[in-house]
Amino acid sequence: MCEIVFNQHGLVPAIAVDAYTNEVLMQAYMNREALELTLKTGQAYYFSRSRKTLWRKGETSGHVQEVIEILTDCDCDSILLRVIQTGPACHTGARSCFFRSLKTWKRVGNLSVLYKNVATICDRAENPQEGSYTNYLLQKGVEKICKKVGEEASETIIAAMKNDRAELAGELADLYYHTLVLMHDRGLEFEEVMQVLEDRHAAERKRNY
């Protein structure tokens with residue numbers, strides 16, 4: 001590990017990102033003790049510049065950060081924490097502290113929307129809403145859900161054979177959604193599927209080397 005460069009106040013900026021989606025959750029500061037505690041415990045510790053004290057993320061709110069990996073930039077003067085976030089990261093209750101947009105040039109989809117879909121499906125299961133299609137599927141059970149997965153897969157194939165980009169994108173989105181509902185119904189965590197993909201990717205890279 002490189003020697004961390006702390007500033008004149010003995011601090012280094014630390015950015016926490018979601019380990020699964022790389023979504024930026026928050027930015028804070030660490031002193032040497034906070035970094036050492038984080039390395040030792042696997043829980044995110046920071047230093048409060050306003051209170052002049054050490055604090056563990058989630059010690060009062062319960063919204064802890066389990067650290068999966070710690071990275072530094074090329075100059076070793078900033079830290080990146082890949083974390084599994086429990087609950088919201090922001091004290092306002094928002095998922096991320098970065099929710100205010102100064103300007104948007106273009107909206108681009110990213111993988112975080114899949115986790116948002118997973119969270120919505122879980123919420124519908126715990127808090128059913130009248131007229132919810134997700135609740136309808138979950139109430140009908142695995143046979144109905146599997147039937148819909150099959151239908152969406154067939155419609156995806158048809159769209160692909162027609163070479164219709166917009167239709168194919170829509171059908172794939174439908175297939176992803178129904179697959180996520182099936183995963184929830186069967187008690188399968190999304191992370192389990194992601195881990196299989198990660199393992200296969202690592203194995204393929206190893207074979208190529």
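1. In which sense do β1 and β2 pair, and over how many bridges? They pair in the antiparallel sense, over six bridges. Two strands count as paired if DSSP finds at least two bridges between them. Strands here are DSSP runs of E with at least two residues, helices are runs of H or I with at least four, and both are numbered from the N terminus.

2. A word on the source. This is a predicted model, in which local features need pLDDT of at least 70 and side-chain atom pairs count only at pLDDT 80 or more, while totals for chains, interfaces and linings use all residues. Residues are numbered from 1 along each chain as its sequence is written, and side-chain values use heavy atoms, with hydrogens and water left out.

3. Look at the β1–β2 hairpin. Five residues lie between the two strands. β1 covers residues 12-18 and β2 covers 24-30. Val 12 stands opposite Met 30 in β2.

4. β1 also joins β6, residues 79-85. These two strands run parallel, with five bridges. Ile 15 stands opposite Leu 80 in β6. β1 is mostly covered: five of its seven residues are buried (under 20% relative accessible area, with a 1.4 Å probe and protein chains only).

5. Now check the backbone at Asn 22. Most residues other than glycine have a negative phi. Asn 22 is not a glycine, yet its phi is positive, about 65°. Asn 22 sits in the turn of the β1–β2 hairpin. Its relative accessible area is 53%, so Asn 22 counts as exposed (over 50%; partly exposed lies between buried and exposed).

6. Lys 52 is found in the loop between β3 (45-48) and β4 (53-56). Is Lys 52 buried or exposed? Lys 52 is exposed, with a relative accessible area of 63%.

7. Turn to the helices. α2 (residues 112-126) and α6 (residues 190-208) pack at about 150°, with their axes 11 Å apart. Axes are lines fitted to C-alpha atoms, for helices over the stretch in contact, and angles run from 0 to 180 degrees between N-to-C directions. So α2 is roughly antiparallel to α6 (an angle over 145 degrees).

8. Which residues meet there? From α2 come Leu 114, Tyr 115 and Val 118, and from α6 come Phe 190, Glu 191 and Met 194. Contact means heavy atoms within 4.5 Å. By class, five of the residues are nonpolar, none is polar and one is charged. Nonpolar takes in Ala, Val, Leu, Ile, Met, Phe, Trp, Tyr, Cys and Pro; charged takes in Asp, Glu, Lys and Arg; the others, Gly among them, are polar.

Notes
Parallel < 35°, antiparallel > 145°, perpendicular 65-115°, else oblique.
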